[in-house]
Amino acid sequence: MAMKLVLLMSATALSSVLSFPVNFQVGSPVKNIFQIKRDRVFGCPILNDVGPKRSLPSNVILNMAIRIRPGGDHGDMTYMPDNVMRQSGTFTAILQVGGKDCVNDIYVRAPGKWNDIFWYVGKTARCTGTCSEMEAVARQRPLIIEHAARLRPREIGKNFGEGASLEVWVAPGDSELAVAYNRPDLMMRMAHPDLDSSHIGNIEVGFVGEIYQPGEEGFRTERTLDGRPSKPEIKAGIDRDITADEVEKMMKEKESNIL
């Protein structure tokens, strides 16, 4: 009985650290401590209420939480508030110095029903003198993948944890309009999941994740497996760029066609 009480207390402490529920049944306590529900984990795009907090019951509970959290432990790129905010701040700092040439748009593709859809999940920035665009993705891949899973729990989140099956694709910075137009000269490139980036410091790269406003559908594009548009180029009919409202309208039309 004493052992069951200790395990129950441990599970409760672990649940408070992670801020999402832990299934616990007295009949099989050890097994159920590790049966973590993921509904709340993938319910928010930014990790404000998930992950170890500063007021912890013990270092033991903290270490357990990091090891069994859905995204795993990836050191300074583990999807935790401090890391997310640091990389966002670094993104802003690099952008202010280097401008658009240092930035790339990031998309994630998942297998299954939506395998021809590339979901826009954010932007990376890099110090161009020391880091390539692919190294910037590789260094921050855990942040990018987990953010994508939280942003699109239905389409991407169900494949979370199967890193090889989720692909990260890179497009030129601030190229959303060209992507929406299906410009044939805009090709995306897939980032290799095993590219070595251990020599890149976290201050040399940044990532800012896409955040949806209430009711927003989210930006995505249909692409072939070589990164080209799978649909014909959209002609606006007049010599101007389409507006953000027109892009949103097109995305809603695509959403209705897909679903």
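Visitor: Why is Asp174 called partly exposed?
Guide: Asp174 has a relative accessible area of 42%. Buried means under 20% relative accessible area, exposed means over 50%, and partly exposed lies in between, with a 1.4 Å probe and protein chains only. The value of 42% falls in the middle class, so Asp174 is partly exposed.

Visitor: What should I know about this model before we go on?
Guide: This is a predicted model, where local features need pLDDT of at least 70, side-chain atom pairs count only at pLDDT 80 or more, and totals for chains, interfaces and linings use all residues. Residues are numbered from 1 along each chain as its sequence is written, and side-chain values use heavy atoms, leaving out hydrogens and water.

Visitor: Where is Asp174, and what is its phi?
Guide: Asp174 sits in the loop between β3 and α7 (176–180). Its phi is near 55 degrees, a positive value in a residue other than glycine.

Visitor: How do you know whether Asn182 is buried or exposed?
Guide: Asn182 has 3% relative accessibility, so it counts as buried. Asn182 lies in the loop between α7 and β4 (189–190), and its phi, near 60 degrees, is again positive in a residue other than glycine.

Visitor: How many helices and strands does the chain have?
Guide: The chain has 8 helices and 6 strands. Helices (H or I, at least four residues) and strands (E, at least two) are DSSP runs, numbered from the N terminus. Along the sequence the pattern is α-α-α-α-β-β-α-α-β-α-β-β-β-α. Of the 259 residues, 47% count as buried.

Visitor: How do you know that the length of α4 agrees with what a helix should span?
Guide: The expected span is 1.5 Å times one less than the number of residues. For the 18 residues of α4 (residues 81–98) that comes to 26 Å, and the end C-alpha atoms are 26 Å apart, so the two agree. Just after α4, Gly99 takes a positive phi of about 75 degrees.

Visitor: What makes you say that the buried residues of α4 line one face of the helix?
Guide: The buried residues in α4 are Asn83, Val84, Gln87, Thr90, Phe91 and Ile94. Seen down the axis, they fall within an arc of 130 degrees, so they line one face. The arc is that of the directions from the helix axis to the C-beta atoms. As a general rule, an α-helix has 3.6 residues a turn, so residues three or four places apart point the same way. The face turned away from the buried side of α4 carries the exposed residues Met85 and Gln96. Among the elements covering the buried residues of α4 are β1, β2, α6 and β5 (205–209). As for α6, 10 of its 11 residues are buried, including Leu143, Ile144 and His147.

Visitor: What makes a group of residues a nonpolar core?
Guide: A nonpolar core is a set of buried Ala, Val, Leu, Ile, Met, Phe, Trp, Tyr and Cys residues joined through side-chain atoms within 4.5 Å. The largest one here has 22 residues, and those with the most contacts inside it include Ile106, Val121 and Val137. Two or more residues come from each of β1 (103–109), β2 (117–126), α5 (133–139), α6 (141–151) and β3 (167–172). The largest share, 5 residues, comes from α6. A second, separate core of 10 residues includes Tyr120, Ala171, Val179 and Met188.

Visitor: Why does Val137 count as buried?
Guide: Val137 has 1% relative accessibility, which means that it counts as buried. This residue lies in helix α5.

Visitor: Which residues does Val137 touch?
Guide: Leaving aside residues up to four places away in sequence, Val137 touches Ile106, Ile144, Val168, Val170 and Ala191. Contact means heavy atoms within 4.5 Å. Val137 and Ala191 are 54 residues apart in sequence, and 6.9 Å apart in space, C-alpha to C-alpha.
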